[in-house]
Amino acid sequence: MKNRLKKLLVLLVLPMCVFVTQPVLAKDSFKVAWTIYVGWMPWDYANNAGIVKKWADKYGIEIEVTQINDYVESINQYTAGGFDACVMTNMDALTIPAASGVDSTALIVGDFSNGNDAVILKNKKSLKDIKGQKVNLVELSVSHYLLARGLESAGMSEKDIKVVNTSDADMVAVYGTKDVSAVTTWNPLVSEIMSMPGSNKVFDSSQIPGEIIDLMVVNTKTLKNNPKLGKALTGAWYEIMSVMSGKDKKATDAKIAMGKASGTDLKGYNSQLASTKMFYKAADAVAFTKSKALKSTMAKVAKFSFDHGILGDGAPNASFIGIETPSGIFGDKKNVKLRFNSSFMQMAADGKL
Amino acid sequence: MKRIINRYPDRTLSVLLGALPFVLVLITYIMASNARLEENAHDKLLPSVSSMTTAVDKLAMQPSKRSGEYLFWLDTSSSLTRLGMGIGIAAIIGLVFGIINGSIPYVRANLSPFITAISLVPPLAVLPILFIVFGLGELSKVVLIAIGITPFIIRDMQTNVMELPAEQMIKAQTLGASSWLIIIRVVLPQVLPRLIGALRLSLGAAWLFLIAAEAIASTDGLGYRIFLVRRYLAMDIILPYVIWITFLSFFTDYLLKILSERLFPWFHATGK
């Protein structure tokens, strides 16, 4: 009988161990998640071309790079502790892991959207015409942020429109229906929608340059205990950047591979790159990270997130979560949960990796 | 010694045994949640019971800051309206076509293969077409539910009609009943309780289609809220919503069962 009870207890306790996060101490194998987006395709290429493995070997660690099909799910998995690092935008880094109390570090500032996200109207030519319309977008995403900034620039606010939450997977199909007259979304959906008759881009992220930033985010504790992970990832990233920014066949081959993996071709991929400000040189990324503008951008993002209730229930104001940037901390210094760290990119810029 | 298959628990023990799995799941959850929260007080994956209560209180008892509406009840009423309309339409179409298909061989030969084929098309895979045809408003959500479960109901009704004893039909004809009279007086009353049975079985699928529809393009609804707050991992809202949905479908199922027992006592008396 006692034996049975023990077995029962073991059966009960075992599944719980899965839920409980493992302690983050020095270790030598790491899991990195990525999702399809123009600025993150280099991770896929780096993984397939063995560049990640080469750098991991150099630092004597193992890095497993996994593609996740659903962007939000990948961040949720990272936040829950399933991954050590994950690609995401600055806003999602603040509202998902940081707001969940998972101290996260932006290790690599890869690019910012310079036209990749856009507000599109059907048969109307100016942003002012959006007034009173229903706007289909993925609510609480960077699209929502872009729209709010656009409305602000035209002297309007979200009260002047009605937001309809729409899955990004169905955005193109939805745009084809007569009920939909305005959308806000990102590439490659933007170029798909712009190719339909009557579509006009009335506002895009090139009008708020440097505010929608694509990052490689690492768990701060893991990074602190394992600087090797940061070095290997940064080293691998800037090796691909130098390949991509070249003018030779190697660069073209790399871009063809990335285009194919993201469901388009070289031409399509190049056109998406054109509306993305890639930091090919580590020094540029360092300069961007150290600039004062980053801090004020994060302040705007924090305010937007607080206004929409996505900083968490416990947040009394927009500065509840501290955001550390090289030019200073925004918000609560005692509750810093998101850190922009330029030291690893600096090492790459100095050729010290 | 009595064989195990012949031993019955008494009433109290039955209730206790039935509750046991629920209690075990609850205890496991609370322990796992505590363990995670101890490590990170802001963990959102397995929120504490108290933070879930706060979240529900905020959504159900206090008007939303942005629109002044009680979001929880707004979501519930929109979802139930869509579900009710979808199931209602499916029931009517299913009943009519099921009976005609089952009773008239010419119609059956004509429609049955087509309906069988349609019932095998996964509706979610042809969503873009549904959007273009039915637009993006309430209609397309109701249509998705209806399309999702109608073919099943038609096929089930058809089978039920065809399983009615041939002797009954012969007897009715000997007494001079026309086709119409047989359908109305012999077939219809007998398949109505079976229609309720089929509806009860389709409830799960109907909820599935409802939530899928609300996830795609919507401004309210239980599925909408779940997919929206998923963006910031608000499990303190998602878990109570999931429990609420489970309760609602359980309750709907129970209501249908009671309805069937009240309306058709003869059907349940035979124990069939």
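**Chain architecture and the A–B interface**

In this predicted model, helix α7 of chain B is followed by Gly176(B), a residue with a positive phi near 95°. The helix itself spans residues 166-174 of chain B, and because zero of its nine residues are buried, α7(B) lies largely in the open. At the level of domains, chain B is divided into domain 1, covering 4-46, and domain 2, covering 60-269. A separation of 32 Å is found between the C-alpha centres of domain 1 and domain 2 of chain B.

Chain A contains 15 helices and 14 strands. Its radius of gyration is 21 Å, close to the 20 Å given by the globule rule for 353 residues, and chain A is therefore as compact as a globular protein of that length. Along the principal axes, the C-alpha atoms of chain A fill a box of roughly 70 × 60 × 40 Å. Of the 353 residues of chain A, 49% count as buried. Among contacts in chain A between residues at least 6 apart in sequence, those joining residues at least 24 apart account for 74%.

Contact between the chains involves 34 residues of chain A and 33 residues of chain B. On the chain A side, at least two residues each are supplied by α1 (2-19), α4 (71-80), β7 (162-166) and α7 (171-175). The most is given by α4(A), with four residues. By residue class, the side of chain A that touches chain B comprises 15 nonpolar, 14 polar and five charged residues. Strand pairing also crosses between the chains: β7(A) and β1(B), residues 217-218, run antiparallel and are joined by two bridges. Within β1(B), Ala217(B) stands opposite Thr166(A).

Definitions and conventions: Residues are numbered from 1 along each chain as its sequence is written. Chains are lettered from A and ligands numbered from 1 in the order in which they are written. This is a predicted model: local features need pLDDT of at least 70, side-chain atom pairs count only at pLDDT 80 or more; totals for chains, interfaces and linings use all residues. A residue is buried if 20 or more other C-beta atoms lie within 10 Å of its own, exposed if 12 or fewer, and partly exposed in between; C-beta atoms are placed from the backbone. Domain bounds come from an automatic or database domain assignment. The radius of gyration is taken over C-alpha atoms; the globule rule is 2.2 Å times the number of residues to the power 0.38. Two residues are in contact if their C-beta atoms, placed from the backbone, lie within 7 Å. Ala, Val, Leu, Ile, Met, Phe, Trp, Tyr, Cys and Pro count as nonpolar, Asp, Glu, Lys and Arg as charged, and the others, Gly among them, as polar. Two strands pair if DSSP finds at least two bridges between them.
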